[in-house]
Amino acid sequence: MSMNIKDILNKMTIEEKIGQLLQLIPSFYKEASEGEITGPLKAAKLDEKILWNTGSVLGIANAEDMIEIQKKYMENNRHKIPLIFMADVIHGYRTIFPVPLGLSCSWNISLVKKTAEIAAKEAALSGVQVTFSPMVDLVRDPRWGRVMESTGEDTYLNSLFAKAMVEGYQGNLNEECNIAACVKHFAAYGAPEGGREYNTVDISNRNLRENHLPAYKAGVDAGAEMVMTSFNIIDGVPSTCNSKLLRDILRSEWGFDGVVISDWTSVDELINHGVAEDGREAAKKAMEAGVDIEMMSINYVNNLKSLIEDGEISEKLIDDAVLRILSLKNKLGLFENPFRSSSIKESEETCCCEEHLKIAREAAGSSMVLLKNDGVLPLNKERKIALIGPFADEKNILGPWSIYGKPEETVSVLEGFLEKLPKERIIRVKGCDVASQDTSLFKDAIAAAEKADVIVLALGEEESMSGEAGSRADIRLPGVQEKLIHTLSKLNKPMVIVMFNGRPLEITGWYQEASAILEAWFPGTEGGHAVADILFGDRNPSGRLSMSFPYSVGQVPVYYNHFNTGRPYVKGENSRYSSKYLDIPNEPLYPFGYGLGYSEFEYSDLELSSEYMSKGESIRAFLMLKNIGEMEGIETVQLYLRDVAADVARPVKELKAFKQIRLKAGEEKRVEFEIDEEMLKYHDLQGNFKAQKGKFILSVGGDSSKVLWKSFKLI
Ligand code: NOJ
């Protein structure tokens, strides 16, 4: 049964309607339910009437909280319109998976979808009905702390993950196990100047259309119920009042009919941006542009009524927004059951259950990227290991967005090691803190290393060093960690470095001293198990970078699908007047798509079914792939295309397809791709998305830099 929401709307006063457009945090209700209005309520000058008309809440603590607040609310709301509870469930609810940047390095779309399904189930049982995820912002600057929450630098990969995550969260919106998804941050939040959080975005329309918008559209096409605006301006206009973005592109062009929400106080921030003189103008602009819910500021509540009375905006705008919100509540079944599937008991039984932990271990293992290995890995279980570093026995490896995850339920590296070998074979010392300048623990580290056959150094960034408001200008390992590497490398023992961090780091100052480097990101609840699985060879690493590792922060932004320029630098040619740096290479240290495993794969015999593709038809590419290693493994075969000459300059290569192939040691397989006209399209000068006749280069390989190639022509 579903509600006739138009009937409800017709009975609502204007104040009640405007209330639906406000979103608050739970603390407002906790105070009110204790019968006294202090703190945020008073500070925000809200009276209790507003509270019982408010449409939604963000960041509920658990099922118990949700049930208590909803109960109280339903007793007080005149029309019995339930609250809707939203939260940041970004990479898991209580079973925490790797941060999204890590997850994306798995290149495993169905696995990532599965993690979203699990997150949705745990969240739904715990009182959450909407997650503010997926974040699909394209990122090219590792100084920006929120790269950890993204799926990397590639439009195509971002779009696949956007779709998978929306589908994983939402399913068929079944009460027991699904929640609604909110695609964010619309748009281009991932391109702040200088990588500085909340900073200006100034990009061309072409860049916006080709690189940034497709992933949001993929999320919308997958049926996302909500979209969140971004904090930034584009071409001078903040997203939160950008009707070109919100009305023309999102609603008219893409047909989105779900709910648009501002980001936290971003309606208020229109004043700081300098596009609104006061809260009244901010409310008017945001409402006109199509923002339905105002998160955590009260310009709508304070001004919309008088704006309507003064004839400055039409009540129809408010009615439309309210209908969209009521319709979402209706779809989620809240009118029938305001508590939906929240259950303290079931949430306890389901969160971190065995099945979920199993997927968390798989996801963590799949997300880790082996950056270097001179042969020391996999480690021999018979050898004595000095396990050193601030992350050697650290349970805070969940990542900055793991609000509901519990460090005490997390497996540290030491615990992972203890599952594999007796404690007598491990000497664990801290060596140093993450960020302090204190080197007094170095002597313990040296003593431990001297007694061992192999050093495993677990280093990284504190969780708060990435994520929202986590921009860094210096993206090297903080504190004295690099010094610790230099100190221990003097002992001339094999040294494996495992990194826990939320962004690609600049590791050029020490990577040559390491025998092996494993990028573990913030791997989540099962992190320590996954690290041990890989280091001891119980798992063959298969992660591939979804974002380049810069050689130097001075290169940033450095990304694989750049343009050629008029004077491209050609390796080996010593021309001063080419596009290059005098002091560092153009290439990143590790490129997009890169990652090692314990098997090696040989690519050969690339062939095309034809050197010509007729319009509307397709051709096929074939290649032979052989596992020339000694262990079964997964290879991610990547296919890139380049349009050699078009009306506008095209990137030197663009990822258009990939396949993950599992091969036993010595096994060989023919891999096939289909290339169609759709894959050759770009936005021409008139704004049409179409393919232009002429020459294309197709390349395939195990990363974006090592490739076999062939050319063909579109005729
Ligand atoms: C601000 C962040 O930018 C956004 O991603 C998040 O969903 C909201 N805060 C709500 O917590």
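Okay, let's start with the inside of this protein. The largest nonpolar core has 124 residues, and the members that touch the most others are Tyr29, Phe186 and Leu304. Where does this core lie relative to domain 1 and domain 3? Well, both domain 1 (234-301) and domain 3 (601-714) give residues to it, so the core lies between them. And remember, please, that we're looking at a predicted model.

Let's zoom in on phenylalanine 186. Leaving aside residues up to four places away in sequence, Phe186 touches a whole list of partners, including Leu213, Tyr216, Val227, Met228, Ile249 and Trp254. There's also a second, separate core, this one of 83 residues, and among them are Leu377, Phe442, Ala448 and Ala514. As a general point, nonpolar side chains in soluble globular proteins tend to be buried together.

On to the ligand. Which residues surround it? Among them are Leu58, Asp88, Phe132, His185, Met228, Trp264 and Glu468. You've met Met228 already: phenylalanine 186 touches it. Sorted by class, the shell has six nonpolar residues, five charged ones and one polar one.

For aspartate 263, the distance is 2.5 Å. For arginine 146, an N or O atom of the side chain is 2.7 Å from a ligand oxygen, and for lysine 184 a polar side-chain atom sits at 2.8 Å from one. How much of the ligand does the protein bury? On its own, the ligand exposes 300 Å², and 94% of that gets buried by the protein.

Definitions and conventions
Residues numbered from 1 in each chain as written. Predicted model: local features only at pLDDT ≥ 70, side-chain atom pairs only at ≥ 80, totals over all residues. Heavy atoms only, no water. Near = heavy atom within 4 Å. Polar contact = N/O pair within 3.5 Å; in protein donor to acceptor, adjacent residues only side chain to side chain. Areas by Shrake-Rupley, 256 points an atom, 1.4 Å probe, with all protein chains shown as cover. Nonpolar A, V, L, I, M, F, W, Y, C, P; charged D, E, K, R; others polar. Core = buried A, V, L, I, M, F, W, Y, C linked by side-chain atoms within 4.5 Å. Buried < 20%, exposed > 50% of the residue type's maximum accessible area, 1.4 Å probe, protein only. Domains from an automatic or database assignment. Contact = heavy atoms within 4.5 Å.
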